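Biologist: I have a model open on my screen and would like to learn how to read it. Could you take me through it?

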Amino acid sequence: MNLSYNSSPDSDPGTGGDNDTLIQTLLEQTYALQKKLQQEDDEETAWMLEHTDIPVLKELIKELTIIMLHVLDAIGQLEPVNGITISKQFGFPKGRVFKITRKCVFHFI
């Protein structure tokens with residue numbers, strides 16, 4: 001990802017010069033990154049589906065996101081565990097852990 005600021009007079013933020021180009025480049029690269037991450041999630045899901053013969057587990061893998069599956073795995077591996085421990089394990093905010101676990105609980109009820 002190469003986002004460099006052009007120091008030419010046209011790139012002055014007050015004139016709007018290359019700002020539109022920079023914004024368009026940023027949007028395109030963000031989309032490309034999003035697409036790559038989704039592809040990696042799809043590959044991981046496909047791998048899990050290929051390596052299990054348990055029908056209930058296959059259905060669960062199809063319904064839950066990769067992050068949800070990782071959080072469930074962490075709960076099983078790190079038991080007893082809380083949101084803070086999982087948050088540190090994955091490096092994302094406690095609130096996100098709470099939302100993910102709430103969604104997981106919803107799927108199991």
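**Reading the model together**

Modeller: Gladly. Contact here means heavy atoms within 4.5 Å.

Biologist: What kind of model is this, and how are residues numbered?

Modeller: It is a predicted model, in which local features need pLDDT of at least 70 and side-chain atom pairs count only at pLDDT 80 or more, while totals for chains, interfaces and linings use all residues. Residues are numbered from 1 along each chain as its sequence is written, and side-chain values use heavy atoms, with hydrogens and water left out.

Biologist: How do I read the confidence, and what is the mean pLDDT of the chain?

Modeller: pLDDT is the predictor's confidence in each residue, from 0 to 100. The chain has a mean of 78, with 83% of its residues at 70 or more. Confidence is lowest in H2, with a mean of 81, and highest in helix H4 (residues 83-90), at 86. Over residues 3-9 the pLDDT is below 50, and this stretch has 12 contacts in the model beyond near neighbours in sequence. Where pLDDT is low, the predicted coordinates should not be read in detail.

Biologist: How many helices and strands does the chain have?

Modeller: Helices (H or I, at least four residues) and strands (E, at least two) are DSSP runs, numbered from the N terminus. The chain has five helices and zero strands, giving the pattern α-α-α-α-α along the sequence.

Biologist: How do I describe packed helices, and at what angle do H1 and H2 pack?

Modeller: Two packed helices are described by the angle between their axes and the distance between the axes. Axes are lines fitted to C-alpha atoms, for helices over the stretch in contact, and angles run from 0 to 180 degrees between N-to-C directions. Helix H1 (residues 19-50) and helix H2 (residues 55-63) pack at about 175°, with axes 10 Å apart. That makes H1 roughly antiparallel to H2; angles under 35 degrees count as roughly parallel, over 145 as roughly antiparallel, 65 to 115 as roughly perpendicular and the rest as oblique. Thr45, Met48 and Leu49 of H1 make the contact with Lys58, Ile61 and Lys62 of H2.

Biologist: How do the residues of that contact divide by type?

Modeller: The H1 contact with H2 has three nonpolar, one polar and two charged residues. Ala, Val, Leu, Ile, Met, Phe, Trp, Tyr, Cys and Pro count as nonpolar, Asp, Glu, Lys and Arg as charged, and the others, Gly among them, as polar.

Biologist: And at what angle do H1 and H3 pack?

Modeller: H1 and H3 pack at about 55°, with their axes 10 Å apart, and are therefore oblique to each other. On the H1 side are Asp41, Glu44, Thr45 and Met48, which meet Ile66, Leu69 and His70 in H3. This contact divides into three nonpolar, two polar and two charged residues.

Biologist: Where do nonpolar side chains go, and how many residues are in the largest nonpolar core?

Modeller: In soluble globular proteins, nonpolar side chains tend to be buried together. A nonpolar core is a set of buried Ala, Val, Leu, Ile, Met, Phe, Trp, Tyr and Cys residues joined through side-chain atoms within 4.5 Å. The largest one has 13 residues, and those with the most contacts inside it include Met48, Phe92 and Ile100. Helix H3 (66-78) and helix H5 (94-108) are the elements that give two or more residues to this core, and H3 gives the most, with five.

Biologist: Is Pro93 buried or exposed?

Modeller: Buried means under 20% relative accessible area, exposed over 50%, and partly exposed in between (1.4 Å probe, protein chains only). Pro93, in the loop between H4 and H5, is exposed, with a relative accessible area of 54%. Thr65, in the loop between H2 and H3, is partly exposed at 43%. Buried residues make up 16% of the 109 residues in the chain.

Biologist: Which peptide bond is cis?

Modeller: The bond from Glu79 to Pro80 is cis, with omega near -5°. Pro80 sits in the loop between H3 and H4.
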